[in-house]
Amino acid sequence: MSLNIEPFERGFGAYVRGVDFSKPVSDALHDELIDAFGTHHILSFPDQHGLGTDEVVAASRVFGPEMEPHVFTQYHHPDEPLVMVLSNRLKGDKPAGLKDAGSFWHSDVAYKPEPAKATMLYALEVPDVGGDTLFCDLTAAYDDLSDTMKARLDGLKAWHFYAHQKRDLFETGQVQSPPECLHPVVRTNPISGRKAIYITPSYTVRIDGLPEDESDQLMQEIFEHCLQDKYRMDYHWHTGDVLVWDNAAVMHTATTKNLDPSKHRTLWRTIISGGPTF
Ligand SMILES: O=C(O)CCC(=O)C(=O)O
Ligand SMILES: [Fe+2]
């Protein structure tokens, strides 16, 4: 069966129909999915109702064989540590999951030497209104930079730090932050060959080798450019959606920080590791 791919209106990301993740994915389909992922950077698979943790892990492995559990072990799914539960529900008097996994612009696991190549979310229950995940197309944002700016960024590296915007958590000792790590400011997608900006307001501390004020100014300029409305896409969730994104091509933010607690939202999350380090 061939895939039906319908690009999102905003010019990046696509809906994919013709896949049923409750069944094993054939080799032919696997290759088509990898191709589609390299082209669109975000894939949405609607109506994947009733998947179990094994099926979500199998769906994740289509996009890369290596996976890793999240550092917050208290939010692991009880049957499968590779699945993390994001939820604003309570189980007894304890949270049923992580209530807010990141209401700030970031790229997953950029704070480690080997970042998340892709992230998959599976929607079990979502509100009619609110709880969207917002995406920013760092590939298009790179393409639109002036030649002068592209030349300026060429070869630069930047330091990333988990606790950069979460100093409260860090200082109270709730989170052990990995040490700062270095990544290229521009990364090339190994499938499409397209370049994308790889610094984010949440995790990038400074550009390596530049004086602090110059580094701050350059980052500010790049973030303002990237966060223009024309590179933005607000993903509104439906129950049964499986969504997977390429962390080297887009950045994202949750909007759950201010979600009305009476509106229940529960998603499963997996991390496909082994992000490229070039
Ligand atoms: O809950 C969301 O909308 C996204 C959370 C997030 O940043 C993630 O799962 O990586
Ligand atoms: Fe995230």
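Author: Helices are DSSP runs of H or I with at least four residues, strands are runs of E with at least two, and both are numbered from the N terminus. The model is predicted: local features need pLDDT of at least 70, side-chain atom pairs count only at pLDDT 80 or more, and totals for chains, interfaces and linings use all residues. Residues are numbered from 1 along each chain as its sequence is written, while chains are lettered from A and ligands numbered from 1 in the order in which they are written.

Reader: How many helices and strands does the chain have?
Author: The C-alpha atoms fill a box of roughly 50 × 50 × 35 Å along the principal axes. Within the chain there are 6 helices and 18 strands.

Reader: What percentage of the 278 residues count as buried?
Author: A residue is buried if 20 or more other C-beta atoms, placed from the backbone, lie within 10 Å of its own, exposed if 12 or fewer, and partly exposed in between. By that count, the buried part of the 278 residues is 38%.

Reader: Among contacts between residues at least 6 apart in sequence, what percentage join residues at least 24 apart?
Author: Two residues are in contact if their C-beta atoms, placed from the backbone, lie within 7 Å. Of the contacts at least 6 apart in sequence, the part joining residues at least 24 apart is 77%.

Reader: Which residues of α6 are buried?
Author: Asp213, Gln220, Glu221 and Glu224 are exposed, on the other side of α6. The buried residues are Leu218, Met219, Ile222 and Cys226.

Reader: Why are the buried residues on the same side of α6?
Author: Leu218, Met219, Ile222 and Cys226 are buried in α6. They share a side because the arc they cover around the axis, taken from the directions to their C-beta atoms, is only 95 degrees.

Reader: What covers the buried residues of α6?
Author: α6 buries Leu218, Met219, Ile222 and Cys226. The cover includes β9 (133-137), α3 (138-143), β13 (195-197) and β14 (204-207).

Reader: Is His41 buried or exposed?
Author: His41 is in the loop between α1 (27-40) and β3 (42-45). Its phi is near 70 degrees, positive in a residue other than glycine. With 28 other C-beta atoms within 10 Å, His41 is buried.

Reader: And Asp47, buried or exposed?
Author: Asp47 lies in the loop between β3 and α2 (53-61). Its phi is also positive, near 60 degrees. With 11 other C-beta atoms within 10 Å, Asp47 is exposed.

Reader: Which strands each supply at least two residues of the shell around ligand 1?
Author: A residue belongs around the ligand if its C-beta atom, placed from the backbone, lies within 6 Å of it. The residues around ligand 1 are Leu86, Ala101, Gly102, Asp108, Thr119, Leu121, Thr133, His252, Ala254, Thr256 and Arg269. The strands that each supply at least two are β8 (118-125) and β17 (250-254).

Reader: Leaving aside neighbours within four places in sequence, which residues is Met120 in contact with?
Author: Met120 is in strand β8. It is buried, with 26 other C-beta atoms within 10 Å. Beyond four places in sequence, Met120 contacts Ala59, Ser60, Val242, Leu243, Val244, Thr270 and Ile272.

Reader: What separates the C-alpha atoms of Phe72 and Ser202?
Author: Phe72 lies in the loop between α2 and β4 (76-77). It counts as partly exposed, with 13 C-beta neighbours inside 10 Å. Phe72 and Ser202 are 130 residues apart along the chain, and their C-alpha atoms are separated by 19 Å.
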